[in-house]
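The sequence and structure come first.

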Amino acid sequence: MNAMQYAQNAVDLFAFPDSYIRVKELMESDTASLDDIAEVILLDPVLTSKLLKLANSAVYRLPYQVESVSKALLVLGKAQLYNLVVSIAVSSACSKLSSSSIDLERFWEQSINAALIGKYLANFCGLRQPDRLYVAGLLHNIGELVVMQQAPDNAAHCQNYTSDIKPWQLQQTTLGFTYAACGAELLNLWQLPDSIVEPMARQHSTQFNASEPDVLISYLAVRLALANQHPDLYSVKTLVDPFVLELLHLEQADLIKAIDFCNTEGLFILSVLNPRISTIY
């Protein structure tokens, strides 16, 4: 099977909550008000609770506590709130999956680290709506869960990467595609915006262009999260092309700060998005 076939077979496995679908419809509507959106969110107590916890986390650095969904909408705006709802909905759908073929603890920790690093660097570089890089980071490896459910032996084999064979290289050799390609097909089937799908799909691209900072930051977030997850196998210097730093006007010290940020905030975000996994830490 190719990446698209895997994604098509997986759509029913990753069922989004009804509240997410309704929120998405309202946010895309020209006539829906913020109150209409808040009303739908409030009908889902789990979504409401996670949304407020994340909005009040250090990730958003708000100057005061946000105690209601209506206030969160006013302070964060529809775009940021939509990205938060997406991240909660996806993590909710994925957290129901279980398997012994891959290390789910590693999967979630690395995904959240890539999300936090992506958002940190997007903020640092002054990108508008940096949350899209948070979502792209969170979903950067979702193709692994797709393959895990349909070809567990292949997914297990793809974990055997080494210092010489990077994860995406082993995926390409084993499957004929990378998890990024498979994940992008799934995100397109979910009708997520191109601003999220594009940087995620091109996370392994080595065609670097200063006019595409989203793709460059996604590239960095994935590699920094991998180095942070496996310091015994990889280092930032061996994974990251220095030309990317030059294009984004970043220094090595900036990357270290991004990793420190994800290490500081990662456990809390993990506890909100996937409490089942976080209880082991």
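Lys24 and Glu28 form a salt bridge, with their closest N and O atoms 2.8 Å apart. A salt bridge here is a side-chain nitrogen of Lys or Arg within 4 Å of a carboxyl oxygen of Asp or Glu. The model is predicted: local features need pLDDT of at least 70 and side-chain atom pairs count only at pLDDT 80 or more, while totals for chains, interfaces and linings use all residues. Residues are numbered from 1 along each chain as its sequence is written, and side-chain values use heavy atoms, with hydrogens and water left out.

Lys24 and Glu28 are four residues apart in helix H2, so about one helical turn separates them. Helices (H or I, at least four residues) are DSSP runs, numbered from the N terminus. Buried means under 20% relative accessible area, exposed over 50%, and partly exposed in between (1.4 Å probe, protein chains only).

Seven salt bridges are found in a search of the whole structure.

| Salt bridge | N to O distance |
|---|---|
| Lys24 and Glu28 | 2.8 Å |
| Arg22 and Glu25 | 3.2 Å |
| Glu198 and Arg202 | 3.2 Å |

Arg22 and Glu25 also both belong to helix H2, at a spacing of three residues, about one turn of the helix. Arg22 is partly exposed at 40%, and Glu25 is partly exposed at 43%. Together with Glu212, Glu198 and Arg202 are linked in a network of salt bridges.

Gln203 sits in the loop between helix H12 (194–201) and helix H13 (213–229). Its relative accessible area is 1%, so Gln203 counts as buried. Beyond residues up to four places away in sequence, Gln203 touches His140, Ala180, Ser218, Tyr219, Val222 and Arg223; contact means heavy atoms within 4.5 Å.

The largest nonpolar core has 108 residues, among which Phe14, Leu121 and Leu220 touch the most other members. H5 supplies the largest share of this core, 14 residues. A nonpolar core is a set of buried Ala, Val, Leu, Ile, Met, Phe, Trp, Tyr and Cys residues joined through side-chain atoms within 4.5 Å. Neighbours within four places in sequence aside, Phe14 is in contact with Ala93, Cys94, Leu97, Leu145, Val146, Leu186 and Trp190.

Helix H4 (residues 45–55) has as its buried residues Leu47, Thr48, Lys50, Leu51, Leu52, Leu54 and Ala55. These pack against helix H2 (18–28), helix H3 (34–42), helix H5 (69–94) and helix H16 (252–273). The N-terminal end of H4 is capped by Asp44, which has a side-chain oxygen 3.1 Å from the backbone nitrogen of Val46.

On the surface, Tyr64, Leu74 and Val75 form a nonpolar patch with about 300 Å² of accessible area together. Such patches join nonpolar side chains (Val, Leu, Ile, Met, Phe, Trp, Tyr) within 5 Å, from residues with over 30% relative accessible area and no salt bridge; accessible areas come from the Shrake-Rupley method with a 1.4 Å probe. Leu74 is part of helix H5 and is exposed, at 65% relative accessible area.

Technical notes: Helices (H or I, at least four residues) and strands (E, at least two) are DSSP runs, numbered from the N terminus. A polar contact is a pair of N or O atoms within 3.5 Å; within protein, one must be able to donate a hydrogen and the other to accept it, and residues adjacent in sequence count only if both atoms are side-chain atoms. Patches are made of residues with over 30% relative accessible area and no salt bridge: like charges are joined within 9 Å, nonpolar side chains (Val, Leu, Ile, Met, Phe, Trp, Tyr) within 5 Å.
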